[in-house]
Amino acid sequence: MSLLQDIQEAIIKDDAKLGTIFLKLRLLAARLGSTDLEEWVKHESEGYPENIFLPEYRKIPVSYTGSFSGPLGSGIRNAPIPPYLIEKFAGKDWTRFEIRQSIAAIDDLIESTSSKNKGSLEIEAANLILLLQGKVYENYACNDVHGVISKSSLSELQHIVKSRVLELTIKLEKSIPAAHEVAFGTSKKIDIVTSEKVTQISNQVVYGNVMSINNSGNGSSVNISIQQGDQKSLEKYLKNAGLSEEDAIDLSTIVASETPESDIEPLGSKAKAWLVNNLKKATNGSWQVGVSVATEVIKNAVLKYYGIG
């Protein structure tokens, strides 16, 4: 059985343990030569550090209740606090909690809430007491606030990750025959074109229209959303990737005027000519990115713009 089939068989089992499955997926990513896929698998397996871009599916809703005291000994206990008020007075970050723990830790959280017959997890929300003081009920003081994440939200996150893994393996199986040949032990060498295709598929399945690039050499990332056919988002991406503003505008305008040659070589004749004439800027310091990285960044960005990356 190939490694790909092994992962597929494991992921559809009712008692599938994602921690173990991701170890196998990490090996597959390494054999296929996709750094982007390896990074995603690593963060899902070990957790997402604070300085690393967090996928949207790992931001889950939080509901709040509070206790309030009023005049003449009156009070309100465990009253729901509308998300609108939380966002208005404390910010949107409070209504979407970032789950950065490893997928194995999330599995354990779900099991622990089930074993204790609980349907939710509480989060620290003491700072909201000051932020909401006097702003929820007129003439009532806020005494305490409880933030709650439902178990169903954690289960949904778990299901989304399982679906991503299954979709990824299915697309790799259909689009890259070599992926089906990867097995435990010695595997054949994967060429660079295949590795690039794996990266394209991985980014599309995991992040949708969000692309992650590393152009500084120190591990930092730039994450920009490129909408299909949206010249402005392409322009913004290229600028953040290290091109000058003028060059980002020029190239995005050319790309918008052409059609892709193929899903492997998306640049049209005008874009290719522009790239040949301007790549020297990556070596003389005009662009904040090296030649090899600039070529890959531009190619992947154009693929995303055309909706085939």
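The model is a predicted one. The count of salt bridges comes to 10, and the structure holds 5 aromatic pairs.

- Lys24 and Asp6 meet through their side chains in a salt bridge, with a distance of 3.4 Å from N to O.
- Lys24 has a relative accessible area of 23% and is partly exposed, whereas Asp6, with a relative accessible area of 18%, is buried.
- Asp6 counts as buried because its value of 18% falls under the limit of 20%.
- A salt bridge also joins Glu46 to Arg26, and the closest N and O atoms of this pair are 2.9 Å apart.
- Because Glu46 lies in helix H3 (residues 35-46) and Arg26 in helix H2, this pair ties together parts of the chain that are 20 residues apart in sequence.
- Glu46 counts as exposed at 51% relative accessibility, while Arg26 is partly exposed, with a relative accessible area of 28%.

**Other salt bridges**

- Asp247 forms a salt bridge with Lys281, in which the closest N and O atoms are 3.0 Å apart.
- Asp247 counts as buried, at 5% relative accessibility.

**Aromatic pairs and a cluster**

- The structure holds 5 aromatic pairs, and one of them is formed by Phe22 and Trp40.
- The pair of Phe22 and Trp40 is edge-to-face, with 5.4 Å from centre to centre and 65 degrees between the planes.
- Phe22 lies in helix H2 and Trp40 in helix H3, so this pair ties together parts that are 18 residues apart in sequence.
- Both Phe22 and Trp40 are buried.
- The ring centres of Trp274 and Trp287 are 6.0 Å apart and their planes lie at 20 degrees, so this pair is stacked.
- Trp274 is part of helix H11, whereas Trp287 is in the loop between H11 and H12, 13 residues apart from Trp274.
- Trp274 counts as buried at 10% relative accessibility, and Trp287 is also buried, with a relative accessible area of 2%.
- Phe68, Tyr137 and Tyr140 form one aromatic cluster.

- Strand S2 (residues 63-69) and strand S3 (residues 75-81) run antiparallel and are joined by 5 bridges.
- Ser69 has Gly75, in S3, as its bridge partner.
- The hairpin has 5 residues between the strands, and in this hairpin Leu72 takes a positive phi near 60 degrees.

**The surroundings of His43**

- His43 is located in helix H3 and counts as buried, at 10% relative accessibility.
- Apart from its neighbours within four places in sequence, His43 is in contact with Tyr48, Pro49 and Ile52.

Technical notes
Residues are numbered from 1 along each chain as its sequence is written. This is a predicted model: local features need pLDDT of at least 70, side-chain atom pairs count only at pLDDT 80 or more; totals for chains, interfaces and linings use all residues. Side-chain values use heavy atoms; hydrogens and water are left out. A salt bridge is a side-chain nitrogen of Lys or Arg within 4 Å of a carboxyl oxygen of Asp or Glu. Buried means under 20% relative accessible area, exposed over 50%, partly exposed in between (1.4 Å probe, protein chains only). Helices (H or I, at least four residues) and strands (E, at least two) are DSSP runs, numbered from the N terminus. Two strands pair if DSSP finds at least two bridges between them. Contact means heavy atoms within 4.5 Å. Rings of Phe, Tyr and Trp (its six-membered ring) pair if their centres lie within 6.5 Å; planes under 30 degrees apart count as stacked, over 60 as edge-to-face and the rest as tilted.
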